[in-house]
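Please look at the sequence and the model together before reading on.

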Amino acid sequence: PANLDIWNPSNGSVITINRDGAVDPDPDSGTITVPIVSGADDVEEDKNGALYTNSSDLELVYDSSNNSSYQTIGLRFQSVRLPKNATITSAYLQFSADESNSATTELQIALENSSNSPAFSSANNVSDRSVFSNRVVWRPAAWTSGQRGSAQRSPDLKGMVQNLVNRSGWVSSNSASFV
């Protein structure tokens, strides 16, 4: 599962968007959880542009079961409740490992440059989307199945999310997609 955690200082909350949790405001921690609501919102795209939307997990780099290719991942978060021009102080993607991996990996994370990210489809795939120029490189350490901690958390993505909420067309509850 993947989460997007965003600190929103305007109301003191952390917005956590995850793949498999229910919407669950936590008044004690100020956390709001919004799920990726559909398997079509976390997709794998192979080197030929074909989308795989019904996987139980995401292979972040190489998928030997899906045409044995390096692939591009798309994570679409619907109903992101961030006000226009909110000040973002931190944002990151949090993953849970379902397999062990010790290979050296380098991932590039980008955010779609769209005020309201459309659903993934064969006509609107992942790799052809326009993204903000600021990308983040993540070189995660080796991990073991079942881990979900700092080693499975991306570097800070606040610059990307700030660009998004500063767009003229951004409205709270729009959708956002990471590539």
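At 39% relative accessibility, does Ser173 count as buried, partly exposed or exposed? Ser173 counts as partly exposed at that value, where buried stands for under 20% relative accessible area, exposed for over 50%, and partly exposed for what lies in between, with a 1.4 Å probe and protein chains only. This is a predicted model, in which local features need pLDDT of at least 70 and side-chain atom pairs count only at pLDDT 80 or more, while totals for chains, interfaces and linings use all residues. Residues are numbered from 1 along each chain as its sequence is written, and side-chain values use heavy atoms, with hydrogens and water left out.

**Two serines with positive phi**

Ser173 lies in the loop between H1 and E12, and although this residue is not a glycine, its phi is positive, near 85 degrees. Helices (H or I, at least four residues) and strands (E, at least two) are DSSP runs, numbered from the N terminus. Ser79 likewise is not a glycine and has a positive phi, of about 55 degrees, but Ser79 is found in a strand, E8, and counts as partly exposed at 35% relative accessibility.

**The sheet around E8**

Strand E8 takes part in an open sheet of 4 strands, whose order is E5-E4-E8-E12 and whose pairing is antiparallel. Strand E5 (51–52) and E12 stand at the edges with a single partner strand each, so one side of each is left without a neighbour in the sheet. Two strands are taken to pair if DSSP finds at least two bridges between them. Strand E4 (residues 42–45) pairs with E8 (residues 72–80) in the antiparallel sense over 4 bridges, and there Glu45 stands opposite Thr72 in E8. E8 is also joined by 4 bridges to strand E12 (residues 174–178), again running antiparallel, with Leu75 opposite Phe178 in E12.

A search of the whole structure finds 1 aromatic pair, where rings of Phe, Tyr and Trp (its six-membered ring) pair if their centres lie within 6.5 Å, and where planes under 30 degrees apart count as stacked, over 60 as edge-to-face and the rest as tilted. The rings of Phe77 and Phe178 have centres 6.3 Å apart and planes at 80 degrees, so the pair is edge-to-face. Phe77 lies in strand E8 and Phe178 in strand E12, so the pair ties together parts that are 101 residues apart in sequence. Both Phe77 and Phe178 are buried.

**Charged pairs**

Side chains of opposite charge can pair when their charged atoms come close. The whole structure holds 3 salt bridges, each being a side-chain nitrogen of Lys or Arg within 4 Å of a carboxyl oxygen of Asp or Glu.

| Salt bridge | Closest N and O atoms |
|---|---|
| Arg76 and Asp41 | 3.3 Å |
| Arg139 and Glu106 | 2.9 Å |
| Glu112 and Arg129 | 2.8 Å |

Arg139, in contrast, is exposed, with a relative accessible area of 58%, and Glu106 is partly exposed, with a relative accessible area of 45%. In the remaining pair, both Glu112 and Arg129 are buried.

In soluble globular proteins, nonpolar side chains tend to be buried together. The largest nonpolar core here has 25 residues, of which Leu75, Leu93, Leu111, Leu157 and Phe178 touch the most other members. The elements that give two or more residues to this core are E8, E9, E10, E11, H1 and E12. Such a core is a set of buried Ala, Val, Leu, Ile, Met, Phe, Trp, Tyr and Cys residues joined through side-chain atoms within 4.5 Å.

Ser154 is found in the loop between strand E11 (136–138) and helix H1 (158–165). Ser154 is buried, with a relative accessible area of 6%. Leaving aside its neighbours within four places in sequence, Ser154 is in contact (heavy atoms within 4.5 Å) with Tyr92, Leu93, Ile109 and Trp138.
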